[in-house]
Amino acid sequence: MPRLLTTIFLLLIFSQSLWGQDKIKGVVLDSISNTPILGALISIQNGDKVVTDNDGVFVARAPHQSLLKISSVGYQPKQIVVMSDFLTIHLSRQNTILETVEVVTKKKSRYRRRGNPAVELIQKVMAAKAVNRAGEMPPMSKYQKRTLYGTEVPKNSLIRKGSAKHLMNNNDQSVFTGLPVFPLSLREQLYVVKGNKKEELVDSFFVGFEEAFEDGTSEIFLSQILKESDIYDNTIGILLNEFVSPTDPLFAIANYHYYLGDTVVINGNRCATLSFTPATQKSRGFTGTLYINLTDYAVQRSEIEIVLTQNVNFVDRLRLIHEYEQLPSGRWMKNREEIFASFKFHDLFSKIYTHQAIAYALLPSDDYTPSLIGDRRLPLTRAEGELPTTLKTTRQQLGFKIFEEGMKLFTTGMFPIWKTKGGKERLEIGSIRNFFGTNPIEGQRIRLSLSTTAHLHPRIFLEGYGAYGTRDRQWKYSGTVRYSFIPKENYPMEYPRHDLSFTTEYDLFPLGVSPGIKDDLITMIGTSGFSTRSYQRRHQITYTHDRESGWGITAQWRYVQDRPAGSLVYQQIKDGGWLQSIPDITTTLLSGEITYSPGVTGYKTRSGRKSALQRTNDHITVSLRHEYAYPSKWFGSTHTFHQTTLSLYQRTQLSLLGELDWRAEFAKVWGQVPFPFLSSPNISPIKIEKNSFHLLRPFEFVTDQHVALHATYNMRGLLLNHIPFIRHLELREMISVHALYGWLSNKNNPSIPNEGLFVLPQGVSPLNQTPYIEMSVGVGNILQLFRLDYFFRLTHRDHPNAQLRGLRFGIGFAF
């Protein structure tokens with residue numbers, strides 16, 4: 001997520017928007033629905049140009065008697081003379097090929113659904129969806145082009161005159177404003193799509209200003225927020241949200257107002273023009289036009305835009321266009337989709353403009369393999385075609401080279417110290433985010449990491465770190481050698497994975513915190529006061545194999561020598577009940593894990609399939625893990641036990657009602673185990689984590705069998721959007737529940753004297769079948785970025801030193 005936020009920030013640094021003084025004010029409305037028109041261009045007689053905002057409002061410098069020209073895509077242009085300080089302007093929708101035109105002037109009346117010809121027409125469309133929508137398709141090619149543009153750079157800007165001037169003088173035109181935009185990156189992908197909708201990438205091309213310092217995060221970001229859609233679906237997924245489709249038979253008629261317009265001819269077919277808008281100002285959905293084939297009531301074309309008065313962040317305009325063609329079977333196949341989006345992250349920065357186009361075509365034969373050279377279904381614009389040349393010229397400038405190196409460090413936290421002749425990183429230092437930390441045992445902690453990339457060797461990877469504590473005066477280290485059976489493009493974790501690794505390490509670990517996040521900056525801050533830690537020496541061999549079908553397996557052997565530190569002490573019960581201090585616990589373990597995640601997206605980034613941006617998969621993820629500890633004279637381990645964990649996870653889009661994240665975990669320990677291997681839930685003492693508890697201390701409760709449930713409901717302003725004054729803050733309601741139910745069996749309960757058990761440290765207690773439950777209520781979207789939750793305990797409130805309530809914060813990028 002930090003890389004995502006900083007990558008987005010990079011796209012904004014090219015310029016700043018300029019504003020003039022207010023002279024006149026006006027609003028531009030749709031003449032049919034009386035709704036605001038977003039992004040209408042106001043051209044003033046003096047040469048100035050302004051664009052309407054989310055409410056259709058504009059301000060400009062224009063004296064009385066001056067001429068204004070108003071235009072917007074899909075509307076007939078209009079000219080007016082300024083006669084007052086506030087103007088209300090109505091634009092009529094533009095239809096190009098008219099067969100019959102009937103103009104009827106009526107007094108505005110209350111919208112009614114019963115007896116409304118427009119509603120009757122959309123109901124016929126809904127009833128015919130199953131018949132009209134294409135089913136099993138023959139093999140097709142799918143061409144996708146996505147171009148990212150910068151906008152609004154003043155002619156006298158230092159940036160335009162500096163090292164990026166060649167890039168910025170290569171212009172296209174925005175469909176929203178008609179103003180120049182300059183391409184920053186271009187990505188083309190060509191797929192073969194089989195009948196089961198499985199896409200096989202057969203050709204691709206990418207060029208972009210960010211390729212020198214970006215690890216694929218921006219591509220993931222754009223592919224998820226600009227997700228391909230279909231007007232025939234009941235919901236349309238865009239901007240990591242689900243919106244009600246205007247053809248949804250369940251919610252659409254209640255959520256939208258429909259207006260019947262002119263009859264037009266499209267590709268020789270008579271089509272009715274059906275406009276629609278959200279029923280209320282805060283209703284989630286689109287405004288736009290459907291072109292309905294009057295022969296079979298199929299949608300032949302759709303032009304829709306998101307209404308931005310409904311708590312949508314960072315989006316200035318977003319338009320989707322779908323086009324369909326009729327197959328010999330009589331069904332309709334989508335043959336083209338276009339998305340135009342303008343993103344605005346702050347008034348201080350210019351907007352980012354994006355155009356994504358997708359075109360489908362039937363293959364001439366089943367064994368035909370298309371290529372970009374012969375099967376580019378949509379032509380490149382002049383600016384897109386010249387982008388490789390302009391980027392090459394720009395990269396030769398010293399200022400841009402310094403910019404690239406600085407942004408590489410800023411976005412990834414990694415600093416290259418050895419490169420190829422082509423500028424690709426072979427050896428990197430980082431991440432700078434865990435360079436410094438502090439805790440009661442180590443004092444000030446300094447850490448330095450090194451790692452190699454596929455540009456040193458595509459199959460063999462080395463990574464490791466060294467750390468030193470100023471108080472304990474001990475060196476810690478970690479080193480990993482990884483061999484990938486699949487050659488990698490850049491990073492070892494690229495999906496899919498098939499690798500074997502060996503790791504050896506010695507470090508200090510906080511009790512109850514996942515080893516994988518112990519050096520995360522926020523985790524280090526939150527656990528800086530924890531003195532229950534242990535020094536652990538680990539050796540492990542891990543085999544990982546992820547398949548594109550969604551199946552994944554992991555097998556691991558581990559050796560762990562655990563020595564308590566700080567306030568943590570290990571004491572073992574001996575025969576007769578006396579206690580013996582144990583200097584360390586040595587364990588050897590074998591484990592295996594099977595994961596099934598259908599619909600998972602394989603990302604070729606540093607994090608692979610575990611990327612924090614894995615947000616569009618709404619299928620359930622299942623993971624089953626079993627661990628076996630066995631005695632070994634060779635390694636000095638004596639403990640024997642089994643542990644099984646089953647976890648289920650799903651993110652569910654609830655359309656109008658928001659989003660629900662939930663995770664369930666079932667775990668059981670088989671046999672008598674040392675205290676540190678008892679089950680205890682993950683904790684997060686400062687930062688909101690969906691799969692952690694926030695008011696528990698480390699190992700406050702232990703079990704050897706438990707069920708845990710975490711659920712977070714994001715209402716997305718379902719209530720707050722309708723409260724006067726508060727709705728203007730665009731806050732989003734958040735509710736979460738975290739519950740743990742389990743117990744400690746007699747064989748592992750030290751209060752029932754059992755020889756060989758470890759005494760539970762002070763402050764650690766068995767859960768003993770009384771469920772622990774904590775809840776939170778909070779608000780997200782604070783300043784469009786932050787979340788603040790108030791957590792409170794519902795049970796175990798009388799537990800010694802229990803934290804009953806507290807505030808926790810989160811940072812998240814959401815539209």
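**Close-up views of a predicted model**

**View 1. Strands β25 and β26 pair in the antiparallel sense.** In this predicted model, 7 bridges join β25, which covers residues 443-452, to β26. Ser449 has Tyr465 of β26 as its bridge partner. The face of Tyr465 also carries a charged neighbour: Arg447 lies over this ring, at 3.8 Å from the ring centre.

**View 2. A hairpin is formed by β26 and β27.** The two strands run antiparallel and are joined by 9 bridges. Within this pairing, Leu462 stands opposite Val481 of β27. Between the strands are 5 residues, and Arg473 in the turn has a positive phi of about 55 degrees.

**View 3. A nonpolar patch lies on the surface.** Its members are Ile460, Leu462, Val481, Tyr483, Phe485, Leu500, Phe502 and Ile541, and together they have about 660 Å² of accessible area. Two or more residues of the patch come from each of β26 (460-469), β27 (475-484) and β28 (498-510). Ile541 belongs to strand β29, residues 532-546. Ile541 counts as partly exposed because its relative accessibility is 39%, a value between the limits of 20% and 50%.

**View 4. Arg187 sits over the ring of Phe206.** The charged end of Arg187 is 3.9 Å from the centre of that ring.

**View 5. Ring pairs link four named residues into a cluster.** The residues are Tyr570, Phe675, Phe699 and Phe758. A search of the whole structure finds 24 aromatic pairs. The distance of the centres and the angle of the planes describe a pair of aromatic rings.

Note on methods:
Residues numbered from 1 in each chain as written. Predicted model: local features only at pLDDT ≥ 70, side-chain atom pairs only at ≥ 80, totals over all residues. Heavy atoms only, no water. Phe/Tyr/Trp six-rings, centres within 6.5 Å; stacked < 30°, edge-to-face > 60°. Lys NZ or Arg CZ within 6 Å of the ring centre and 35° of its normal. Patch = residues over 30% accessible without salt bridge, like charges linked within 9 Å, V, L, I, M, F, W, Y side chains within 5 Å. Areas by Shrake-Rupley, 256 points an atom, 1.4 Å probe, with all protein chains shown as cover. Salt bridge = Lys/Arg side-chain N within 4 Å of Asp/Glu carboxyl O. Helix = DSSP H or I, 4+ residues; strand = E, 2+ residues; numbered from the N terminus. Buried < 20%, exposed > 50% of the residue type's maximum accessible area, 1.4 Å probe, protein only. Pairing = 2+ DSSP bridges.
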